[in-house]
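Visitor: I would like a close look at one part of this protein, its aromatic residues and what surrounds them. Please keep it brisk.

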Amino acid sequence: MATYKGIKGFKVTSIAGDPTNKIEGDVYYDTTANTLKYVEGAGGTWATDTAVAFGRHSPGGTGTASAAIIFGGEYGPPWTSTGKTEEWNGSSWAEQNDMSHLRYSVCSIGRTTTDSICAAGYEPPFSDSTELYNGTAWSTLANVNTARYSLAGGAGTSSAGLMAGGDTCTCEEFNGTSWGTVNNLNNLCGGSTTTGASTSAARQTGGSPSATNGDQSEDYNGTSWSVSTSLNVGRGSAAGAAGTENATLYWGGCASPGEGGCDVAYYTEKWNGTAWTELGDLPNKKQTAGTSTASATTALSATGWGPGYNSTQHFQWTYADSWVKTVSTS
């Protein structure tokens with residue numbers, strides 16, 4: 001009778017729990033769980049979590065997977081803008097004070113729930129308003145220089161933030177007091193999403209589903225934009241993007257014009273600083289959701305368009321460079 005040692009030349013190691021130094025392909029017996037396990041390669045997965053209270057699409061969103069806010073958006077028909085704000089504490093959603101300007105397709109800047117900016121968007125008409133959320137209420141700040149919409153995401157913080165594109169190629173930086181115009185994007189990018197921890201390292205990804213540059217990605221170094229490696233599947237109006245310039249997660253979106261979800265809208269891709277790799281897909285087609293922005297390894301995607309116009313769905317993303325799996329004979 002063949003044995004593992006006879007085939008591999010060594011016995012299966014027995015340890016209590018999982019190893020701290022995981023090496024892809026390792027097989028071991030966990031004496032705590034009394035089960036045979038192996039280490040799989042990098043990957044990620046989406047899981048359904050607690051639904052939001054108010055269904056909508058195209059809201060803003062900031063924070064982390066355990067502490068996030070979504071704000072604004074549109075619902076209907078008949079189509080109506082909203083200023084509703086909901087906060088996620090890691091287990092449930094709670095409604096907070098509304099924004100003063102009801103709008104959607106906004107720029108959302110911030111990495112925490114106590115320091116977030118909502119700028120521009122569509123009220124209608126195009127908005128130039130800026131509001132700051134301090135964890136309790138919204139207050140009005142200086143207007144942006146160029147009113148715009150078709151925005152998603154943003155880079156940096158409320159004292160050093162970046163708004164990129166929209167229905168224009170123009171970009172602006174916020175210094176905590178006022179907005180200043182900086183160098184344009186190379187490509188018109190309505191429906192694209194901005195990510196980044198600072199104004200000196202940001203990424204712009206995706207584009208209009210009807211545009212030839214819908215797979216685009218550009219890097220910002222604090223001064224100018226440069227064209228980077230394209231997505232594997234071009235799409236815009238993403239269900240979300242999160243992370244930093246060198247570790248970006250981009251998911252969902254629309255690869256062809258349409259309402260309530262579109263072709264290839266399940267896709268999730270991760271940028272590692274060199275290339276885009278497809279990972280675990282969304283549970284269903286989704287676009288224009290509100291998202292956390294801080295991390296590409298843990299993120300949330302709430303509300304959105306599809307299935308249905310006013311989604312209350314909330315998905316959580318978890319990624320690891322290696323996964324521990326239980327050996328199964330079935």
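Which residues form one aromatic cluster?

Guide: Tyr104, Tyr122, Phe126 and Tyr149 form that cluster. A word on the basis first. The model is predicted, so local features need pLDDT of at least 70 and side-chain atom pairs need pLDDT 80 or more, while totals for chains, interfaces and linings use all residues. Numbering starts from 1 along each chain as its sequence is written, and side-chain values use heavy atoms, without hydrogens or water.

The structure holds 16 aromatic pairs. Rings of Phe, Tyr and Trp (its six-membered ring) pair if their centres lie within 6.5 Å; planes under 30 degrees apart are stacked, over 60 edge-to-face, and the rest tilted.

Take tryptophan 46 and tryptophan 317. Their pair is tilted, with 5.1 Å between centres and 50° between planes. Tryptophan 46 belongs to strand S4 (residues 43–48) and tryptophan 317 to strand S29, so the pair ties together parts 271 residues apart in sequence. Strands (E, at least two residues) and helices (H or I, at least four) are DSSP runs numbered from the N terminus. Tryptophan 46 is buried, at 8% relative accessibility. Tryptophan 317 is buried too, at 0%. Buried means under 20% relative accessible area, exposed over 50%, partly exposed in between (1.4 Å probe, protein chains only).

A second tilted pair joins tryptophan 88 and tryptophan 93, 5.3 Å centre to centre with 40° between the planes. Tryptophan 88 is buried at 1% relative accessibility. Tryptophan 93 is buried at 12%.

Now the core. A nonpolar core is a set of buried Ala, Val, Leu, Ile, Met, Phe, Trp, Tyr and Cys residues joined through side-chain atoms within 4.5 Å. The largest one has 13 residues. Those touching the most other members are Trp46, Ala239, Leu249, Trp251, Leu282, Ala299 and Trp317. Strand S24 (247–251) and strand S29 (314–320) each supply at least two residues of this core. S29 gives the largest share, three residues.

Alanine 299 shows the neighbours well. Setting aside residues up to four places away in sequence, alanine 299 touches Trp46, Ala65, Ala242, Trp251, Ser292, Phe315, Gln316 and Trp317. Contact here means heavy atoms within 4.5 Å. Another core lies apart from the largest one: eleven residues, among them Cys107, Val144, Leu151 and Met163.

Two lysines also use rings. The charged end of lysine 84 sits over the ring of phenylalanine 54, 5.3 Å from its centre. The charged end of lysine 270 sits over the ring of tyrosine 319, at 4.8 Å from the centre. The criterion is NZ of Lys or CZ of Arg within 6 Å of the ring centre and within 35 degrees of the ring normal.

Tyrosine 28 has lysine 37, in S3, as its bridge partner. Strand S2 (residues 27–30) and strand S3 (residues 35–40) run antiparallel, joined by four bridges. Two strands pair if DSSP finds at least two bridges between them. The open sheet has four strands, in the order S1-S2-S3-S30, with mixed pairing. Strand S1 (13–15) and strand S30 (323–326) are the edges, each with a single partner strand, so one side of each has no neighbour in the sheet.
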